Amino acid sequence: IKRPNGQIVFIDFEYFGWDDPAKMISDYLLHPAQDLNEDLRQRFFDGCLDSFADWPGVSSRMDLVYPLCGLKWCLLLLNEFLPRYIETREHAHGASLDVANLQSEQLAKSQRMLARVRAGHEPPY
């Protein structure tokens, strides 16, 4: 946003309000650290749909939101290909990293995420 004095400011809306339940459910099911078995995924999904039964269209929005959230996670997993991100990681690590290995691992994770998203077109996604 450009203020009247010409200063440019950025407002981060990431936590600005309530997520759409379809996005929240998708993000939880797709989070790279998420490791639920199929039974628990189904229980979580069914429980969420029950909880949001009064919110119209949550289930149908999942068909739209799930692949978009999956693509977002695919891209986030590739942050290690950004030089600035590597600099930050090396600074936090306190030493140089094996960047090629790190990037290879992240690329493999991103490819697995993409396969997961492509396969997830039926509940519980």
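Helix 1 and helix 2 are roughly antiparallel to each other. This is a predicted model, so keep that in mind throughout. The two helices pack at an angle of about 170°, and their axes are 11 Å apart. An angle over 145 degrees counts as roughly antiparallel, so helix 1 and helix 2 get that label.

Which residues make this contact? From helix 1 they are Ile25, Tyr28 and Leu29, and from helix 2 they are Arg41, Phe44, Phe45 and Cys48. Sorted by class, the contact has 6 nonpolar residues, no polar ones and 1 charged.

Take Ile25, which is found in helix 1. Is Ile25 buried or exposed? Its relative accessibility is 0%, and the cut-off for buried is under 20%, so Ile25 counts as buried. Setting aside neighbours within four places in sequence, Ile25 is in contact with Phe44, Phe45, Cys48, Phe52, Val58 and Met62.

Tyr28 and Phe44 sit 16 residues apart in sequence, and their C-alpha atoms are 9.5 Å apart in space.

Back to helix 1 as a whole. How many of its residues are buried? The count is 7 of 10, so helix 1 is mostly covered. The buried ones are Pro21, Ala22, Ile25, Ser26, Asp27, Leu29 and Leu30. They pack against helix 2, helix 3 and helix 5.

Next, helix 2, residues 38–51. Its 14 residues, at 1.5 Å a residue, should span 20 Å, and the end C-alpha atoms are 20 Å apart, which agrees. The buried residues of helix 2 are Arg41, Phe45 and Cys48. They cover an arc of only 65° around the axis, which puts them on the same side of helix 2.

What do the buried residues of helix 2 pack against? Their partners are helix 1, helix 3 and helix 5. The face of helix 2 turned away from the buried side carries the exposed residues Arg43, Asp50 and Ser51.

Last, the other helix pair. Helix 3 covers residues 58–76 and helix 5 covers residues 99–119. Their axes come within 9 Å and cross at roughly 175°. That makes helix 3 roughly antiparallel to helix 5. In helix 3, the residues at this contact are Tyr66, Pro67, Gly70, Trp73 and Cys74. By class, the contact of helix 3 with helix 5 has 7 nonpolar, 2 polar and 1 charged residues.

To recap the two pairs: helix 1 is roughly antiparallel to helix 2, and helix 3 is roughly antiparallel to helix 5. The buried residues of helix 1 pack against helix 3 and helix 5 as well as helix 2, and the buried residues of helix 2 pack against helix 1, helix 3 and helix 5.

Methods. Residues numbered from 1 in each chain as written. Predicted model: local features only at pLDDT ≥ 70, side-chain atom pairs only at ≥ 80, totals over all residues. Heavy atoms only, no water. Axes fitted to C-alpha atoms, helices over the stretch in contact; angles between N-to-C directions. Helix = DSSP H or I, 4+ residues; strand = E, 2+ residues; numbered from the N terminus. Parallel < 35°, antiparallel > 145°, perpendicular 65-115°, else oblique. Contact = heavy atoms within 4.5 Å. Nonpolar A, V, L, I, M, F, W, Y, C, P; charged D, E, K, R; others polar. Expected span 1.5 Å × (residues − 1). Buried < 20%, exposed > 50% of the residue type's maximum accessible area, 1.4 Å probe, protein only. Arc of directions from axis to C-beta.
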